[in-house]
Amino acid sequence: MFKSILICTAFLLSCLCLNAQTIAWELVAPGVWKGTVGRPESYNLLTASGVKPYAAGLAQMGSAAFPMVQQQVVAQLKDGKTYLSFPLKKEEQLFGFGLNFQTVHQRGKILELHVDHFAGKDNGRTHSPTPFYVSSDGYGVFVNSARYLKVYAGTGVRRDSENAPPAKDRNTDKSWASRPYSDAVEFLVPAEGVEFYVFAGPTPLKAVSRYNLFNGGGPLPPRWGLGFTQRVKTLFTAEEVEKEADTFAEKGFPLDFIGLEPGWQSKSYPCSFEWDKGRFPNPAGFVGDMLKKGIRLNLWTNPYVSPESPIYKAIKPFTADHTVWLGAIPDLTMPEAQQLLFGQLKKDQVAIGVSGYKFDEVDGYDHYLWPDVTTFPSGKSAEQMRQTYGLLTQRYSTDLFRERNQRTYGLVRGSNGGGTSFPYVIYNDYYNHEDFITALINSSFAGVLWTPEVRASKTAEEWLRRMQSVVFSPMAMINAWSSGTKPWSYPEVEKQVKDMAILRMQMMPYWYSEFAKYHFQGIPPFRAMNLEPGFNSRIDKEVRNTDLEENPYVDAVAKEVKDQYMAGEYLLVAPMFAGKTTRTVILPRGKWFDFYTGDFVGDGTVITVTPGLDRIPVYVKDGGIIPMGPGLMHAPKPMDKINLEIRYYGSKPGTYQLYDDDGESFDYEKGAYSFREIKMERGKDGKLKSSISSAVKGKPNTLNKISFKAMTK
């Protein structure tokens, strides 16, 4: 009997050894390691996006040690699938796994990372299910697979785990838990091999920055992309669009680009990709007239080809065997399909001055997108196409504008790992204000941008609160495709809405500089509090040992924070929601000051504020420098020069890197840009000392008069 047990045990161990795989490790960039297991598929997220690491940015970050015990990263091949396991300490919290809308803490989750529209649950099916996670311990992991990935984020407990907790008796032990401690993050990849990457920190923000730089660095939008945008009703005509722009000007509301919805096309759902000559009889003249007004146009479309499209017959051989709304699905991995679809956009729209696109329906909903049994002529599976279709539309549409040395900034419904560098902002059909802010927070872990767009509201208060949030986001947009709302649709708050829109324009130098840091340094311009130094769920020892009743800060920071975020280097934004007159704000360690007044508000504490209707709480860290421009109606043009007011908060010496280039072209990639260093501090006599480095000869300089203002008395 004993001999039989030994034989059985030996057999099981031999099977386990046969399944275990050696991981081939390679240092591919400073602080970035690639692990390879088995036979990785040639088509993955990075090949789909065509991404190239921003080597200069990674080199500037410098080297770092491997952030975990390498031998504890385990891989196995079983049943044609790859199993990956990464170590997880008891005190670690996890963030990421895609664009989540309701949760920031991801430890203890079971997810299937699957490109889809958001259906109200953080279960992995989302617009950008990026297979990248960040640990509070200061490292990141990215699994480069274009498959539906199953993730067990600290849920499974292996029998042979060195850290397995003891089994307990539920009948008598009140400490029994249905979800015992797990010491691993596990991935199930439905392929016979995979490559993955480990990103060192040593902080969570540095790990995220390395990930973004490895994926090409964040996009640098044109200045006009950071202005204000209005999307008009579906069936608006050229005359109605021009009238809309004129009304904005008459009322003194900023406007940089207008979005045209499906009615600009002769057919949509599926699409013809040509202008409707009834609503737009002279497209080139219309686009030209709008540009003369200082207004650019962004066009809605989806990639599904109507049988009545001029490209239908030519593209049909390069499409899938299923349809979407009876339209052909281009196989966008094939050059022939790329040239036909994007060639039509180039010829009919981009060539006459259209400035960007909104790509809809590249994410999901299974009942109208192609099923997983679909075949594509390239041989790519339906699953792989589902996971990368948003990447492909972004990649090849961006190329249209790059060919013209013209930056674009658009909208997309689906993305994934590898898409960080594309100049697109994600949106969806969901409309919960609180969850929109949580998505904005989570976007910083997913390598994407997200807009909490405004569409309509039940009350004037809700309208204003949504407008206040969208001003502090990657795209300040009203999406009125259905409602027809305007900024002034609620007269009771028209003035406050205008004030916020003008504030967006005044802050253009700050926003533009922060996006430059996203590109050159990988730092997300809008990011979670968990990435902010001085804000950590693993509290300093002296704080942790205090009485919770005396120091509520410990309890507050340890909890999931999903309704406040950092905007750029210095700002903390705490949105207000309809029906709420007060809210709590958790201030990280260090002094913080009111953005509007400069008044001191706290240091590493929880405050309760009643800001009134006109403003939402925004705070500046000590030594913060905020460059402010004029409240223009349109973003500055390449040759324009603006006056700059540089605001300084607190008393700590501060520095700021102010970015400048022509605002529209890709010439910055050839060195046609500058960072000018601003320094501000108070002398021993209390007087403000300020300076800005000189403009660099031969580099762009859009500044005219420069003034300095101390906001804190």
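The count comes to six cavities of 30 Å³ or more. A cavity here is a set of points, on a 1 Å grid over the protein atoms alone, where a 1.4 Å probe fits but cannot get out. Points are joined across faces, edges and corners, and a volume is the space filled by probe spheres set on them. The model is predicted: local features need pLDDT of at least 70, side-chain atom pairs count only at pLDDT 80 or more, and totals for chains, interfaces and linings use all residues. Residues are numbered from 1 along each chain as its sequence is written, and side-chain values use heavy atoms, without hydrogens and water.

Start with the largest cavity. It holds about 160 Å³ of space. Its lining has 16 residues (those with an atom within 4 Å of a point), and closest to the centre are Arg223, Met508, Pro509, Ile642 and Thr702. Two elements each give two or more residues to this lining: α13 (508-521) and β34 (654-660). Helices (H or I, at least four residues) and strands (E, at least two) are DSSP runs, numbered from the N terminus. The largest share, four residues, comes from α13. By type, the lining has 11 nonpolar, three polar and two charged residues. Nonpolar means Ala, Val, Leu, Ile, Met, Phe, Trp, Tyr, Cys and Pro; charged means Asp, Glu, Lys and Arg; the others, Gly among them, are polar.

Now move to the second largest cavity. Its space is about 70 Å³. Of its 14 lining residues, Gly419, Phe422, Tyr424, Val448 and Leu449 are the closest to the centre. Strand β21 (residues 424-426) supplies the largest share, three residues. This lining has nine nonpolar and five polar residues, and no charged ones.

Key
On a 1 Å grid over the protein atoms alone, a cavity is a set of points where a 1.4 Å probe fits but cannot get out, and a pocket is an open set with protein on both sides within 12 Å along at least five of seven lines; lining residues have an atom within 4 Å of a point.
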